[in-house]
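Q: I would like to go through a protein structure step by step. Could we begin with the overall picture and then turn to single residues?

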Amino acid sequence: MFKTLALAVTLGMTALPVFAEHITAGELTISDPWVRATTSVARSSGGFLTVHNHGTVDDRLLSASADFAMVQVHETVQVDGVNRMQEQTDGIVIPAGESVTLAPGGYHLMLMGLEHGLEMGSEQDVTLHFEQAGDVTVVFEAEMRRPTDQADGEDISGHGSDADGHGDH
């Protein structure tokens, strides 16, 4: 009985998710970077992460770039009762002492012009350009997560594609 219990506990521990390392850049900590895995023919996806500013001065995510896609900083906003994505040409403020999460249905990185889909488990380098912290290259893993801010399969994208708005357009 004890051996069975010990084996079950050991197997259960190995099934725990592995969390990405925190990346430090100046006063910022970047955590949980991931991109939406896509089909092989998809030409766009979304990138998500959390940025915590440990400093006493605001920073700003100005833009992002990658070799495999054109990247824009977007926010999903509601216009006339319809959710739409808008490029954030002035970037996103990361307030001193606070965190900002880029997630489906809110701020996110829009990855467009993919030459091929993002296969589950593949890793993609994206360089984030911050006003204070400078350029930081982050490895994003392709995953399939269910949006937590979406109800009943509602299209929150404004693009009329897959559930998170990052399907092929």
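This is a predicted model: local features need pLDDT of at least 70, side-chain atom pairs count only at pLDDT 80 or more; totals for chains, interfaces and linings use all residues.

Q: What percentage of the residues count as buried?

A: Of the 169 residues in the protein chain, 41% count as buried. The chain exposes about 9,600 Å², and 53% of that area is supplied by carbon and sulfur atoms.

Q: What about contacts between residues at least 6 apart in sequence?

A: Among those contacts in the protein chain, 66% join residues at least 24 apart.

Q: Turning to the core, which residues touch the most other members?

A: The largest nonpolar core has 28 residues, and Ile30, Leu49, Leu109, Leu128 and Phe130 touch the most other members. Strand 11, residues 134–143, gives the most to this core, with four residues. In soluble globular proteins, nonpolar side chains tend to be buried together.

Q: Which residues is leucine 128 in contact with, leaving aside neighbours within four places in sequence?

A: Among them are Ile30, Leu49 and Leu109, which are also listed with Leu128 among the core residues that touch the most other members. Leucine 128 is also in contact with Ser63, Gly134 and Asp135, among others.

Q: Now a loop. Where is threonine 38 found?

A: Threonine 38 is in the loop between strand 2 (28–36) and strand 3 (44–53).

Q: Is threonine 38 buried or exposed, and why?

A: Threonine 38 is buried, because its relative accessible area is 19% and buried means under 20%.

Q: What does threonine 38 touch beyond residues up to four places away in sequence?

A: Threonine 38 touches Ser44, Ser45, Gly117 and Leu118. A polar atom of the threonine 38 side chain lies 2.7 Å from the backbone nitrogen of leucine 118. Methionine 120 is 82 residues from threonine 38 in sequence, and their C-alpha atoms are 7.5 Å apart in space.

Q: Lastly, where does serine 122 lie, and what does serine 122 touch?

A: Serine 122 lies in the loop between strand 9 (107–112) and strand 10 (123–130). Not counting residues up to four places away in sequence, serine 122 touches Phe140, Glu141 and Ala142. A polar atom of the serine 122 side chain is 2.7 Å from the backbone oxygen of glutamate 119.

Methods. Residues are numbered from 1 along each chain as its sequence is written. Side-chain values use heavy atoms; hydrogens and water are left out. A nonpolar core is a set of buried Ala, Val, Leu, Ile, Met, Phe, Trp, Tyr and Cys residues joined through side-chain atoms within 4.5 Å. Buried means under 20% relative accessible area, exposed over 50%, partly exposed in between (1.4 Å probe, protein chains only). Helices (H or I, at least four residues) and strands (E, at least two) are DSSP runs, numbered from the N terminus. Contact means heavy atoms within 4.5 Å. Accessible areas come from the Shrake-Rupley method with a 1.4 Å probe; for residues, only the protein chains shown count as cover. A polar contact is a pair of N or O atoms within 3.5 Å; within protein, one must be able to donate a hydrogen and the other to accept it, and residues adjacent in sequence count only if both atoms are side-chain atoms.
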